[in-house]
Amino acid sequence: MNYVLPLIITFLAGLLMLVSEFIPHKPFESLVSELEIWFMIISGFAIVLGQISLLKMNIFKIKYKSEGWKYCIVTLSAFFIMLLVGILWGTESQAGLLGGGERIIQSIGEKPFDYIFKYIYQHLMASMFSLLAFFIASAAYRAFIARTLESALLLVSAIIVMLGNTSVGTSMTSFLPQSLNFLHLPNISKFIMDYPNTAGQRAIIIGAGLGIIGSSLRVILGIERSWIGGKK
Amino acid sequence: MIMWIGEYMKKNVFVLLFIVVLLCFLYAKEEFRVYDLPNDDGTSLQLEWDKSLADVGQIEILKSFDNKYFTLMQIPDNVFQFTDTDSSFSGKTIYYRLDVKNKEGELINFYKASAIPKAQWFNMQKLPLLIVLLILSFAIVYFINSAKRGKDLYIRRINGLDALEEAVGRSTEMGKPVLFVPGIMDLDDMQTIAGLTILGKLAEKTAEYHCRLIVPVSKSMVLSAAKEVVKTAYMQAGYPDEYQDNDIFYLTDDQFGYVAGLDGIIVREKPAANFLLGCFYAESLIVAETGFASGAIQTAGTAEPSQLPFFVASCDYTLIGEELFAASAYLSKDPQQLGSLKGQDFGKLVIILLIIVGVVLEIFGISVLKDFFTF
């Protein structure tokens, strides 16, 4: 019984979204926009749940001195500092309780919230992202070991694509005459990316698209209920 | 006889002339035309004018709701059409005037036209999509009914899902937790929903094996859903007291902040099995490689084609695209859900046939099928 109401709401909302895809007439389009606004509002409320969870988890770890509890102090400090400076001096577009923070802007060039965001947060984010380069190298090293015919093919195509995108690749095949233009490494690389690679990606996208339709139908029709904790 | 034919022609020549003049009048192309844009919600009108008008001088479009014209816009060179989108259109006649001016800005000539914007009840451009959707839906419903009647449906094995129990068993034996990551998108993404359905099945196994399950999430809505799913799974497995609310927690909405948190959990907690099932972007490899380095058995799945190579390189099992959406049905062994998978396979068969027919037709220069599906 607990699941009947959510399932009815899911069915109606799903049907409405589906029908509105094909009917441009009012009120379908406005109803869809309305539902999207509802989602935003619910998400807004849910953010509070997330913050409560974050605080609860970190306070819990500090209280019981769990492994790595000192990191929780850093997390909580960062959370409250950002919250405090945001409330007191606001952000770039909004003033805070203490106004626009003109004196602080004169000394550090930005409002404290924007300063921390720009000079600490963004750099930390960039640092995490830059790790990707090293992880790609280690993953590629393992992936390109030619154990089987398939992995050997992968290795060869990877080498061609990588070389084709560098000046070395261009110079390696520059001696070839114009009539053999198709054998130039950048051209082979482009061919691999444009045809076999695109074909493979499209096959995955078509399969995923069908999967999404199938899953959506299962959810809308109430056949699939485990996402709300149902039995099926 | 000849006299009669002559008389007959004389009588009818006037009728023929009248028809020709009428047709000319009906099909005469006006210099400035306004018509309702088809397949829309009645908020757009299409304006078109002859190229010859633009050659004369500058063009300015004026608009009116009640014969009081105001300038709508100056038309740049080499533009011969304009779509006026205005949400205030409500089935009333909209009047337009096209002014042709010389370089000095003096009015040379003007043309008037009007139209009534109308909302359509069906977007004809999406007819092919509706047809495909109906075929697929009927196939799914048909196979669900077949499964209900007890027909044995063959579903190919998905190794990554068969290994789910093995991974949980390994974690239990090693006394280490299982980590589940539902991706970085919110509940409005179908991949996240698919991830959560698998989480339910996984949670039942961890409950049965008395193994700890850690679920860090990046969206607050996913947090609520994940808690509900895991809690119900533990109750259904008969171990409600084993459920640990604190093990399902929110980290951050930020993509790389989330990945930093996940890496920290993997390094500190050293889970023996990692499940990365949902929507992933640039963070996929960072998490998967950290998991690989920690020695965990890893199962990943996403429908993002750009992230799949990373998962294939770093994880033991990868659910590719549709397999992620099929996972819940596959694990449930529920005939109805398996029937829907069979329906999806039928849809794939239809698409394969359409592609083959389309390619053959295109080779022979016939674009009917391509044109039908291009919208």
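1. In chain B, the centres of domain 1 and domain 2 lie 57 Å apart, taken over C-alpha atoms. Domain 1 covers residues 27–115 and domain 2 covers residues 164–315. The model is a predicted one.

2. Chain B contains 13 helices and 13 strands. Its radius of gyration is 33 Å, well over the 21 Å given by the globule rule for 375 residues, so chain B is more spread out than a compact globule. Along the principal axes, the C-alpha atoms of chain B fill a box of roughly 110 × 65 × 40 Å.

3. Of the 375 residues in chain B, 40% are buried. Among contacts in chain B with a separation of 6 or more, 68% are between residues 24 or more positions apart.

4. Helix H6 of chain B runs over residues 190–209. From its first C-alpha to its last, this helix of 20 residues reaches 29 Å, close to the 28 Å expected at 1.5 Å a residue. Because 18 of the 20 residues of H6(B) are buried, the helix is largely enclosed by the rest of the structure.

5. The contact between the chains involves 67 residues from chain B and 54 residues from chain A. On the side of chain B that touches chain A, helix H7 (residues 220–237) gives the most, with ten residues. That side of chain B is made up of 34 nonpolar, 21 polar and twelve charged residues.

Note on methods:
Residues are numbered from 1 along each chain as its sequence is written. Chains are lettered from A and ligands numbered from 1 in the order in which they are written. This is a predicted model: local features need pLDDT of at least 70, side-chain atom pairs count only at pLDDT 80 or more; totals for chains, interfaces and linings use all residues. Domain bounds come from an automatic or database domain assignment. Two residues are in contact if their C-beta atoms, placed from the backbone, lie within 7 Å. Helices (H or I, at least four residues) and strands (E, at least two) are DSSP runs, numbered from the N terminus. Ala, Val, Leu, Ile, Met, Phe, Trp, Tyr, Cys and Pro count as nonpolar, Asp, Glu, Lys and Arg as charged, and the others, Gly among them, as polar. The expected span of a helix is 1.5 Å times one less than its number of residues. A residue is buried if 20 or more other C-beta atoms lie within 10 Å of its own, exposed if 12 or fewer, and partly exposed in between; C-beta atoms are placed from the backbone. The radius of gyration is taken over C-alpha atoms; the globule rule is 2.2 Å times the number of residues to the power 0.38.
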